[in-house]
Amino acid sequence: MIFTALILAAATPADAVPKARQAYAACLTQYTNDAVDRKMAKDEFLAGLKTKCADKEEKFRAALTAADKADGMSDKETAADVEDQVKGYMDQMTDNFTSGG
């Protein structure tokens, strides 16, 4: 019991980032691949891209924010980092969709 408590106490905010990142990326990739397979219109794809994985994006944003704050980043730096990383995924999925998968 004490050992479990020590392990949980040793976990850092950065520990949640890889899992949240993987879940978010997997959701976006699945959505993009499905959109390509269905030959979805680009406007429809872009609208769905912003909403389809919103729950996983929220968790990814929260994990990144916590990790950045734990690393001593300012609120402004943290917000910029989180936005840059989310935008990077959105841009990549849009490029993947445009190129046909």
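User: What makes the meeting of the Asp 91 and Lys 87 side chains a salt bridge?

Analyst: Happy to start there. A salt bridge needs a side-chain nitrogen of Lys or Arg within 4 Å of a carboxyl oxygen of Asp or Glu. Lys 87 and Asp 91 come to 2.7 Å, N to O, so the pair counts as a salt bridge. Please keep in mind that this is a predicted model, in which local features need pLDDT of at least 70 and side-chain atom pairs count only at pLDDT 80 or more, while totals for chains, interfaces and linings use all residues. Residues are numbered from 1 along each chain as its sequence is written, and side-chain values use heavy atoms, with hydrogens and water left out.

User: Where do Asp 91 and Lys 87 lie?

Analyst: Both belong to helix H5, four residues apart, which is about one turn of the helix. Helices are DSSP runs (H or I, at least four residues) and strands likewise (E, at least two), numbered from the N terminus. An α-helix has 3.6 residues a turn, so residues three or four places apart point the same way.

User: Why are Asp 91 and Lys 87 called partly exposed?

Analyst: Buried means under 20% relative accessible area, exposed means over 50%, and partly exposed is in between (1.4 Å probe, protein chains only). Asp 91 has 35% and Lys 87 has 48%, so both fall into the partly exposed class.

User: How many salt bridges does the structure hold, and which residues do they join into one network?

Analyst: The structure holds six. Bridges that share partners join Glu 57, Arg 61 and Glu 83 into one network. Within it, the side chains of Arg 61 and Glu 83 meet at 2.5 Å, N to O. That pair links distant parts of the chain, with Arg 61 in helix H4 (residues 54–70) and Glu 83 in helix H5, 22 residues apart. Arg 61 is partly exposed at 21%, and Glu 83 is partly exposed at 42%.

User: What makes the Asp 75 and Lys 69 pair a salt bridge, and why is Asp 75 called exposed?

Analyst: Their closest N and O atoms are 2.3 Å apart, which is within the cut-off. Asp 75 has a relative accessible area of 57%, so it counts as exposed. Lys 69 is partly exposed, at 36%.

User: How do you know which residues line one face of helix H3?

Analyst: In H3 (residues 42–51), Phe 45, Gly 48 and Leu 49 are buried. Seen down the helix axis, these buried residues fall within an arc of 110°, so they line one face; the arc is taken from the directions from the axis to the C-beta atoms. On the other side, Asp 43, Lys 50 and Thr 51 are exposed.

User: What covers the buried residues of H3?

Analyst: The cover includes helix H2 (16–37) and helix H5 (75–98). Contact here means heavy atoms within 4.5 Å. Leu 49, for one, touches Leu 28, Tyr 31, Met 90, Met 93 and Thr 94, not counting residues up to four places away in sequence.

User: Which aromatic pairs of Phe 45 are stacked?

Analyst: Rings of Phe, Tyr and Trp (its six-membered ring) pair if their centres lie within 6.5 Å; planes under 30 degrees apart count as stacked, over 60 as edge-to-face and the rest as tilted. A search of the whole structure finds five such pairs. Tyr 31 and Phe 45 have centres 5.4 Å apart and planes at 10°, so they are stacked. This pair links Tyr 31 in helix H2 with Phe 45 in helix H3, 14 residues apart. Phe 45 and Phe 97 have centres 4.1 Å apart and planes at 5°, so this pair is stacked too. Here Phe 45 in H3 is linked with Phe 97 in helix H5, 52 residues apart. Tyr 31 and Phe 45 are buried, and so is Phe 97. Elsewhere, ring pairs link Tyr 24, Phe 60 and Tyr 89 into a cluster.

User: What makes a set of residues a nonpolar core, and which have the most contacts inside the largest one?

Analyst: A nonpolar core is a set of buried Ala, Val, Leu, Ile, Met, Phe, Trp, Tyr and Cys residues joined through side-chain atoms within 4.5 Å. The largest has 23 residues, and Tyr 24, Leu 28, Phe 45, Leu 49 and Phe 60 have the most contacts inside it. H2, H3, H4 and H5 each give two or more residues to this core, with the largest share, nine residues, coming from H2.
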